[in-house]
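Have the viewer open and follow along.

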Amino acid sequence: MSADGGAELDFWSFVDLAGRRLSEEFGFRHRLATRLLLTLNRASAIVTYDLESTVHRPRGHSWSAFRLLFVTWLAGPLEPGRAATLAGMSRAAVSNLSKTLVADGMLVRTPGERDGRSVILSLTERGQDAMLEIFAGQNERERQWADVLTETEQRMLIMLLDKLMAGRGSFDVRERS
């Protein structure tokens, strides 16, 4: 039984229950905003888990490893801090992950020109070849997800998400930079 005496809760019936209880019992007024963010977070988590479990883990990598390889592949040789910004990761995560990817022969670390401590991350030839194969699998899975929507709906969703992200400047948002 669920908290409201009905059938067993799944995530979506929980979202309904949460919205109702937060609004009616606790007086929180922004019920639609709560539903929007719960849905956005859940959708992101499901898609990320699906991509990691169907594309990346079978190839011996994590979602985080893919993100670092992806930005290095497309943006070219990068300092770890810049790679962290583009991949939406912390510098510490990039540092730790790059050690593993160097050991796997996917990345190489070369001394940077800025000072004696700076380094540049680049894909090896093996990394370049792997990214072509990995992204082929990723892109096919992306297509499967996107095909649920029409092309117009896909463009509308992108437009709405862009608008949501552009609006973050109107209040104090904390994000990795």
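Predicted model: local features only at pLDDT ≥ 70, side-chain atom pairs only at ≥ 80, totals over all residues.

**The nonpolar core**
- The largest nonpolar core has 24 residues, and Leu 68, Leu 69, Leu 101 and Met 131 touch the most other members.
- At least two residues of this core come from each of H3, helix H4 (80-87), helix H5 (91-103), strand E2 (119-123) and helix H6 (125-146).
- Which of these elements gives the most to the core? The answer is H3, with seven residues.
- As background, nonpolar side chains in soluble globular proteins tend to be buried together.

**Aromatic rings**
- Six aromatic pairs turn up in a search of the whole structure.
- In one of them, Phe 70 and Trp 73, the ring centres are 6.3 Å apart and the planes meet at 55°, so the pair is tilted.
- Both Phe 70 and Trp 73 belong to helix H3 (residues 63-75), where three residues, about one turn of the helix, separate them.
- Are these two residues buried or partly exposed? Phe 70 is partly exposed, with a relative accessible area of 26%, whereas Trp 73 is buried at 18%, because the cut-off for buried is under 20%.
- Phe 70 and Trp 73 also belong to one aromatic cluster together with Trp 63, Phe 66 and Phe 135.
- Elsewhere, Arg 42 lies over the face of Phe 11, 3.9 Å from the ring centre.

**The chain as a whole**
- The chain contains seven helices and two strands, and along the sequence they follow the pattern α-α-α-α-α-β-β-α-α.
- With a radius of gyration of 21 Å, well over the 16 Å that the globule rule gives for 177 residues, the chain is more spread out than a compact globule.
- The C-alpha trace spans about 60 × 35 × 35 Å along its principal axes.

**Surface and contacts**
- Of the 177 residues in the chain, 27% are buried.
- The chain exposes about 12,000 Å², and carbon and sulfur atoms supply 57% of that area.
- Among contacts between residues at least 6 apart in sequence, 47% join residues at least 24 apart.

Note on methods:
Residues numbered from 1 in each chain as written. Heavy atoms only, no water. Phe/Tyr/Trp six-rings, centres within 6.5 Å; stacked < 30°, edge-to-face > 60°. Helix = DSSP H or I, 4+ residues; strand = E, 2+ residues; numbered from the N terminus. Buried < 20%, exposed > 50% of the residue type's maximum accessible area, 1.4 Å probe, protein only. Lys NZ or Arg CZ within 6 Å of the ring centre and 35° of its normal. Rg over C-alpha atoms; globule rule 2.2 N^0.38 Å. Contact = heavy atoms within 4.5 Å. Areas by Shrake-Rupley, 256 points an atom, 1.4 Å probe, with all protein chains shown as cover. Core = buried A, V, L, I, M, F, W, Y, C linked by side-chain atoms within 4.5 Å.
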